[in-house]
Structures are given as C-alpha cells and as structure tokens.
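Subject: Structure handover

Hello,

Please find the structure below, with notes after it.

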Amino acid sequence: MRGGLGGPRLLLRRLREVMAEPVSAQARLDRIVIHIAANMVAEVCSVYVLRSDGKLELYATEGLNREAVHLTTMTTGEGLVGLIAEKAEPLALADAQVHPAFSYRPETGEEIYQSFLGVPILRGGNTLGVLVVQNRARRTYSEEEVEALQTTAMLLAEMIASGELQSLAAPGQSLSLQKPMSLVGSALSDGVGLGHVVLHEPRIIVKQLVAENPEAESTRLDAAILAMREQIDQLIARGDRYGAGEHRDVLETVRMFANDRGWMRRLREALDSGLTAEAAVERVQNDARAKLQRQTDPYLRERLHDLDDLANRLLQQLTGVAPPHGGALPDNAILVARNMGPAALLDYERANLRGLVLEDGGPTSHVAIIARALGIPAVGDVPNVTDLVDTGDSIIVDGGSGEVQLRPPSDIETAYGEKARLRARRREQFHKLRDVPALTRDGVEIGLHMNAGLLIDCQHASEVGAQSIGLFRTELQFMVAPSFPRQSQQYSLYKRVLDAVGDIPVTFRTLDIGSDKVLPYMTKVEEENPALGWRAIRIGLDRPGLLRMQLRAMLRAAEGRALRIMFPMVAKVGEFVAAREICLREVEFLRQHDYRTPCELKLGVMVEVPSLLWQLDEICQLVDFLSVGSNDLTQYLFAADRDNKRVSARYDDLSAPNLRALKSIVDAAARYGTPVTLCGEMGGRPLEALALAAIGFRGLSMTPSAIGPVKAAIRAVDLGALRAVLMPMIERLDHSVSIRQELQAFADANCVHL
Ligand code: PEP
Ligand code: MG
C-alpha cells in the first residue's frame with residue numbers, strides 16, 4: 001500500500017464513522033468514495049451496484065463526472081467493470097485502455113485515467129457490485145492495495161445487503177440482491193408451499209468488521225483455530241458421526257483444510273488489512289465461494305461445501321454461536337439448507353413448516369423420504385440456493401415440478417396461490433371418496449393399500465381410507481436413528497404401528513439396507529456395484545443375528561394379533577426358505593418362553609429381482625403372498641438405475657416388456673391362488689394403476705397421497721374396454737406404438753380424468 005493517509009486500518013475506521021452518520025444513503029455513499037480515493041491516493045473512486053435486471057449502475061463517484069451517477073450502466077461482462085462482476089475477481093491494470101475489454105463511456109470523462117483497479121463487492125460469493133479506483137498516471141497497484149480495496153468492498157456489501165441503497169434505485173428497479181429468481185431442481189416431495197425462508201443453518205452475521213485492537217484480533221483468531229482443530233480431532237476420535245448425517249470422510253477433509261497453509265496465510269492477510277477475526281474469516285470464505293461457485297467440476301464444487309463447513313466452525317468458535325437444532329418455526333416457514341439429515345428435519349416443528357429446499361439431496365435421499373412421509377413439499381438439487389436467499393425472503397416451493405420461486409413478483413405468487421388452492425380442493429374431492437370402494441364401472445374391485453415407513457405415516461391410513469399398510473419399510477427407522485436400534489426400540493415401533501392402525505393389516509418388510517440405503521453408523525462396505533451387492537435379505541441371511549432380532553421384535557409386537565412379514569430382494573426360492581426357517585424358529589422360541597405369538601402369521605416375498613420371474617411356479621406354492629417391488633424389478637430388467645437421470649428415461653413402466661413381466665407374475669399367482677399386490681411407485685400413478693388393473697392386479701400399495709387420484713381413475717374406467725385396448729399392444733409388440741400415449745388417449749376419450 002502506498003503511503004496514503006494512514007493505510008487500510010485508518011480507512012476502515014473512517015468508513016465505519018461514515019456508516020454511523022445520520023445522513024442519506026446517497027450522501028453516505030458519496031462520502032465513502034471520497035475517503036477511499038483519498039486513502040488510496042487515487043483520483044477516482046466509483047461504486048457500481050448490480051441491479052436485478054443484470055445491469056451495473058454507477059451509484060457514486062469521486063473523480064468521474066457526477067452527472068453520470070445513476071445514468072451510466074453496463075451489463076455484466078461488458079467493459080472492465082462488467083468483467084470484474086462476471087468473473088468475481090479483482091482486476092488491476094497499469095494501462096487500462098489497452099485491455100481488450102475496455103469500453104469508453106464519454107459521459108463519465110474517464111478517458112484521462114490510465115490505471116485501473118477494480119474489485120467485486122461480494123456477499124456469500126455472489127457479486128453485488130464493483131468498487132473501482134483509477135489513477136491518471138500509469139502505475140502498478142500492489143497486492144496490498146488490492147487486498148485493502150477488497151476489504152473495503154466488504155463494508156459496501158453490508159450496506160447493499162442492509163437494503164439501504166434500495167431507496168436510490170429508479171422506480172421499478174431493484175437491486176440484484178432482491179431480484180426475483182426462478183430456479184429448477186429435482187422434485188422430491190409433491191405439493192405447493194408458499195412462505196418465507198428460514199435457513200436451516202443460518203449464516204453467522206458478522207456485525208463488527210473493523211478491528212479495534214488488531215493484536216487482540218490476531219490472538220482471538222489463533223485461539224479459535226486451535227480450538228476448532230481440537231474439536232474436529234475429537235469428533236473424528238469419538239466416532240464417525242456427530243449430529244445428523246456428519247460422516248468421518250467429511251470431517252477428515254475439513255481437518256485437512258483446517259491445516260492448510262494457504263488458507264492460514266489468506267486469513268492473516270485479511271486480518272492485516274484491519275478486519276476483525278470474524279470478518280477475516282468471512283472475507284476469505286467470500287473469495288473462495290466466488291471462485292469455486294463458478295467451477296463446473298463437481299469435485300471442486302464439493303470442496304466449497306467443505307470450506308463452508310470449515311468457515312462456519314471457525315465462526316462458531318469466534319462468536320460462541322452454536323449450530324441450531326430444529327425446534328420452533330415462524331409461520332409459513334420454508335426451510336432452505338445445503339443438505340440435511342432426516343433426523344434434523346424431524347426435529348423441526350411440523351405445524352408451521354410449508355416446504356423444504358435443498359442444494360443437495362436427490363429423490364432417494366433419506367430426507368426426501370421423510371419429507372414425503374410428512375407431506376412437506378420439497379425440492380432438491382438446487383445449486384447455490386443458500387447463497388441466493390436471506391432469512392425472511394418470500395419463496396415458493398413446487399415439489400411436483402421441482403420449481404422454486406425466490407422473491408416472486410405478485411402475479412407469480414397469485415398463480416401459485418391459486419395452484420395450492422386447487423390442490424386443496426382436489427384433495428377435498430378425493431377425501432369424499434375415502435369410504436367408497438375402488439370399483440371400476442364394470443364392477444371390478446381393486447384393493448388400495450398404502451406404503452409407510454414411519455410411525456407418523458400411520459395416521460394417513462384412515463385419512464385416505466387405505467385397506468392396509470401394504471409395505472412398511474422398516475429400514476427408515478434405522479436410517480433416521482443415531483445408532484443401531486436395539487430390539488426393544490424395534491419392538492416398540494412395530495407395536496406402536498400396529499396399535500396406531502387399529503384393525504387394518506400391516507405388512508412389515510424386513511430390513512432393506514445396502515445400496516443407496518446406507519446406515520450412517522455402520523461401516524460402509526465398499527462395493528463396485530452396490531445395487532447388485534450385499535443388501536437386504538442377503539445381509540439378513542449372512543448375519544442371521546440381525547434378522548433374528550428384527551423378526552423377534554415383530555413377532556412380539558404383534559401381541560397375539562395377526563402378522564404379515566415379507567422379505568426384500570429374494571433372488572432364489574432357497575433364500576425365502578432359509579428366511580422362513582429363521583422366522584419359524586423364532587416363533588418356536590417365543591412359544592417356549594411363554595410369549596404370545598401371532599394368532600396368524602403370513603410370510604411373503606417381494607418380487608423385485610428378475611431371477612424370480614423364472615421361479616414363479618415354485619415360489620407361489622411356498623409363500624402366503626407376493627408383493628411386486630416394481631421400482632427395483634424394472635430397473636434390474638432394463639439394467640438402468642432408477643435414480644440416475646442419465647438412464648432413467650431409457651425405460652418406460654408402461655412398455656410391453658415391463659407389462660409382460662408384470663403380467664407373468666399375476667398370471668402365476670392366479671394359477672396357485674397366491675395373493676399378489678404391487679408396491680412400487682408405479683402403482684401410485686393413475687395411468688399406470690389402470691394398466692396394472694387391466695393386466696390383472698387386484699391390489700396396489702402406494703404412497704398415501706396417491707390413493708385418492710388412483711381411486712378416482714379406477715372408478716371412472718370400464719376395465720373391459722381398457723383391456724381390449726391394452727392387451728393387443730402387450731401381446732404384439734410394435735415398438736413404434738407408445739402404450740402410454742394410447743392409454744392416455746383412451747382415458748381422454750372415456751372421460752377418465754387422471
Ligand atoms: C420397490 O423396489 O419397488 C420397492 C417397493 O422397494 P424400495 O423402493 O423400498 O426398494
Ligand atoms: Mg425394492
């Protein structure tokens with residue numbers, strides 16, 4: 001830094017005084033640019049603010065023509081200022097006019113200035129504007145000067161973020177920070193939620209930017225880094241989990257960054273420019289975010305999360321603010337988070353929660369499963385969303401389409417409000433169907449059952465009029481628990497489930513873990529092909545202690561009532577026989593120890609591994625019932641991962657090969673009088689449900705919210721007429737015919753509203 005009028009610290013102190021003066025926003029900005037220019041011995045200092053229309057507007061200047069203020073604008077990427085905004089990086093030029101991006105604005109009178117130094121005004125890695133100094137003479141700006149100007153830009157970022165400058169915007173204009181945005185992610189949980197942002201991990205707001213006592217700040221920073229490193233070491237030593245979803249490898253990466261020399265040096269430099277320890281952490285993190293957010297490489301973007309984690313931990317050490325843990329929420333809260341474990345979501349009070357938006361988290365993430373169970377509209381895979389919002393911003397989540405509207409204009413808000421009301425009206429109509437049977441127009445009854453996995457789901461059974469819980473996914477309890485649930489905890493859940501649903505039957509499925517269903521407290525087995533690996537019943541048979549413990553918990557929980565149990569991922573008849581053997585031995589054990597055993601025990605298998613399609617005659621004679629897991633069955637039939645967006649469109653549930661496979665199951669079951677239902681997602685989609693009924697399924701188990709729409713479709717259809725259209729297409733495969741389109745046309749022509 002050249003001599004100036006006392007270096008960056010004095011400048012920061014001056015600017016802080018200006019911030020506190022009771023003057024208008026414009027006057028404050030005008031004084032700020034005068035101080036910066038004087039301190040940096042520059043003839044020009046200008047502030048450009050990014051507007052919501054993407055233009056950078058000159059908001060204040062010392063040295064350029066004052067008449068240009070609020071008149072001169074440029075788009076992002078245009079000229080040197082636009083380039084800085086686009087790249088979010090400083091630019092220092094001794095001879096600005098020879099730079100290819102230089103664009104001359106006559107109204108500013110800047111042609112006489114040769115040297116140029118500009119820095120982005122950043123907040124959370126987003127560009128809010130650009131701060132520039134210029135000199136008449138050709139000169140090279142030192143690294144310290146660049147650093148000092150970046151630090152100064154932080155103060156301006158706070159001023160912009162506070163909303164103070166909004167008053168200077170022309171009518172109809174708004175600043176970038178407040179601009180409406182329409183984002184698209186993955187649809188996780190259906191429904192429309194309107195409300196206001198609540199950040200799951202609120203940013204720690206650094207209130208004091210300027211250091212009063214630089215030495216003391218340096219000591220504080222050293223102590224906080226030491227304490228943070230110790231904390232991370234302890235967490236790693238203690239086990240692989242702390243709080244929800246925090247895993248050892250994440251902590252290991254954070255520990256690596258916490259010892260990184262480059263990171264330490266950048267923190268020191270920020271401190272030396274006059275910032276408090278907290279502000280230095282924020283400064284360094286802002287720069288890292290600005291750089292990494294523009295990376296397309298997913299590995300680098302992932303590192304941004306690690307660095308965020310590191311900065312948050314350090315800020316927590318410095319401020320003593322502990323991370324929040326769920327709890328009460330304001331009215332109409334929409335939670336926004338980078339990612340969230342299922343337990344964390346369950347910690348929040350449900351009554352005021354209207355939606356969930358995540359940066360990470362695909363449709364099969366555990367938190368998505370919980371969101372669906374709770375009926376909370378949710379969208380995942382929304383890049384960078386935590387940086388684009390502030391607590392209290394208005395926001396709309398459309399969990400059906402995967403759209404998120406930030407700070408929506410009133411017409412968008414009205415449209416979504418209407419959509420939400422329409423959905424509520426349709427729900428009411430479906431509710432009216434609750435007690436009527438799902439009977440087709442030609443008198444065929446289809447049993448509608450629901451899928452569940454948590455105790456909380458069970459309340460939906462009577463709300464939607466489900467005939468039974470056709471699939472209870474027991475692994476969800478294991479996935480949301482902090483440690484492996486003991487037998488007594490399993491027993492307690494199963495008993496409460498049976499108590500909660502009253503008279504209707506429940507089909508418990510034994511633990512289906514492995515593949516994408518990872519238990520955070522269990523050592524992950526590295527496998528080349530986890531979907532084809534050690535999972536579900538395979539684990540149960542190889543570790544019979546686990547299976548036995550679960551079966552015992554179920555058998556006891558029945559307390560003399562009827563019980564239905566099924567085994568997932570059975571690939572060979574022998575596996576069912578072995579599992580049944582274990583179960584029957586448990587029944588015997590309970591009997592010998594004078595426990596009440598179920599008055600009736602039905603044991604079934606999930607048909608979800610294609611090999612079973614060629615053992616149907618044998619399996620049908622052995623089991624009490626079959627349940628088709630079409631999610632897995634179809635993905636294995638087509639060798640296309642159901643959650644991989646690149647390939648999931650490569651198959652169609654309603655294609656002839658899939659329907660042929662499914663029909664072979666119902667046909668075999670009919671030959672032996674074995675009851676069969678289908679419990680994959682397919683059964684919950686009205687058009688697919690009609691096709692399944694047409695090929696012979698008489699029982700479908702689905703997510704509770706699908707029961708109403710499926711029942712309405714079934715009640716509107718003449719199954720005989722539908723079968724006449726569908727069967728020839730299944731029997732005579734013509735790849736140019738889309739069964740889906742044909743069925744849709746049939747539904748439209750026959751007033752079956754889907
Ligand atoms: C299925 O595979 O269709 C099924 C219901 O099981 P899950 O989705 O739990 O794997
Ligand atoms: Mg399955």
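Predicted model: local features only at pLDDT ≥ 70, side-chain atom pairs only at ≥ 80, totals over all residues.

Residues are numbered from 1 along each chain as its sequence is written, chains are lettered from A and ligands numbered from 1 in the order in which they are written, and side-chain values use heavy atoms, without hydrogens and water.

Strand β20 spans residues 625-628. Helices (H or I, at least four residues) and strands (E, at least two) are DSSP runs, numbered from the N terminus. β20 is covered on both faces: Phe625 and Ser627 are buried on one side, Leu626 and Val628 on the other. Buried means under 20% relative accessible area, exposed over 50% and partly exposed in between, with a 1.4 Å probe and protein chains only.

β20 runs parallel to β19 (residues 601-607), with 4 bridges between them; Leu626 is the bridge partner of Val605. The β-α-β crossover from β19 through helix α20 (residues 616-622) to β20 is right-handed (clockwise from the first strand over the helix to the second, with the strands pointing away from the viewer). β20 also runs parallel to β21 (residues 676-678), joined by 3 bridges, and Ser627 has Thr677 as its bridge partner there. Strands pair if DSSP finds at least two bridges between them.

The magnesium ion (ligand 2) has Glu608 (OE) and Asp632 (OD) as its protein donors, lying 2.1 Å from it. Donors are N, O and S atoms within 2.8 Å of the metal (3.2 Å for Na, K and Ca); water is not among the atoms, so sites may look incomplete. Glu608 counts as buried at 1% relative accessibility, and Asp632 at 5%.

Regards
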